[in-house]
Amino acid sequence: MSARIDWSPWTPLPDLPPFSADSLRELLDGGQAFRWYVQPDGSWRGGWVDWLVELRLGGTTLEYRALRGHATSGVKVVASYLAAGSGTDALLDALPWRSDAHLRQCLQAFPGLRILRQPFGETLLCFLCSATKQIVQIKQMVALLAERLGESVAPGWNRLPRWETLARVPITQLQACLLGFRARYIHATAQFLAEHPGWLEETERLPYPAAKERLCLLPGVGEKVADCVLLFGAGRMEAFPVDVWIIKTMARRYGLEGWRPAQIAQFGRAHFGAGAGLAQQFLFAWERKTARVKREAGS
DNA sequence: TGACAGGGGGTGT
DNA sequence: ACACCCCCTGTC
């Protein structure tokens, strides 16, 4: 019944460090992106805009294949999405791992983990869905948005809807995608973007503080969501999203008991420096893994 | 196997 | 502080 997908051959990706299965899972399904699915053979299928890609580990080397029509530019585009050769190594080396034993432990535990370079507009849409939701639920919402409102890219795979499409969709149709109170935010944001052509593109080009300030003007976007969009959708490594996990981590590992989110963000930028957002992702991955191990041991 | 709380990676008032 | 909206998860 399901039509076959015409894939390019599996190809190794250059300029990326070795990965472990754990770090690949954290990279693709650890709260940065919400459109990656692990397959029975351990490979991952996912995508962004009109790219549908599969990733797998050949030993510790990351390999990809894409739709045949995309094969020519594939390596560059996929490598760029995975932030290959984007200065991650230098940023990692500049983190205070020499004096911070916990950070060092996190960096060692997730080799290859990095910040993805996702499309800005799609990242905004995904994180508007994220409020008080866990990854599985966010994935379900964006899957429904793609399925019902996005254009087909390949058999069984739709891209996420464009903002100009969302602007024309009745709010009731958004609510039907299990968005709950987030439907209102997405609807209103889509209206705003439709009335302000080029606003999103301009925002992406602004320096970090100005870009964050502008994003916070959108309904449903506060400091945390703005930081996530700038970190995961614009490569702004100085963005340091403070969510409940990071609040817990920073309290426990760095002694910041009772600190307010804004203070924690300030501490994070001061302590971790230019790669604060990158550091945050490693801390986050560690905390998730710890929670998972604890849960599995308990049950 | 099925019903039933409880809580969830946030924002806006 | 609390509502928003409702699905997921763990538990009985």
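Visitor: How many bridges join β3 to strand β4 (residues 51–58)?
Guide: These two run antiparallel, and strands here are DSSP runs (E, at least two residues), numbered from the N terminus. Two strands pair if DSSP finds at least two bridges between them. For β3 and β4 the number of bridges is five.

Visitor: What kind of model is this, and how are its parts labelled?
Guide: It's a predicted model, where local features need pLDDT of at least 70, side-chain atom pairs count only at pLDDT 80 or more, and totals for chains, interfaces and linings use all residues. Residues are numbered from 1 along each chain as its sequence is written, while chains are lettered from A and ligands numbered from 1 in the order in which they are written.

Visitor: Which residue in the turn between β3 and β4 has a positive phi?
Guide: The two strands make a hairpin, with two residues between them. Within β4, L52 is the bridge partner of G47. The turn residue with a positive phi, about 45°, is V49.

Visitor: And in the hairpin of β2 and β3, which residue takes a positive phi?
Guide: Strand β2 (residues 36–38) and strand β3 (residues 44–48) run antiparallel, joined by three bridges. V38 stands opposite W44 in β3. Five residues lie between the strands, and the one with a positive phi near 90° is G42.

Visitor: What is the bridge partner of V53 in β5?
Guide: β4 is also joined to strand β5 (residues 61–66), by six bridges, and these run antiparallel. V53's partner in β5 is A66.

Visitor: Which strands stand at the edges?
Guide: Picture an open sheet of five strands, with antiparallel pairing, in the order β1-β5-β4-β3-β2. Each edge strand has a single partner, so one side of it is left without a neighbour in the sheet. Those edge strands are β1 (11–12) and β2.

Visitor: How many helices are there in chain A?
Guide: Helices are DSSP runs too (H or I, at least four residues). Chain A has seven strands. Its helices number 15.

Visitor: Which helix gives the largest share of the surface near DNA strand C?
Guide: A residue is near the strand if its C-beta atom, placed from the backbone, lies within 6 Å of it. The residues around DNA strand C include V136, Q137, Q140 and F181. The largest share, three residues, comes from helix α6 (residues 135–149).
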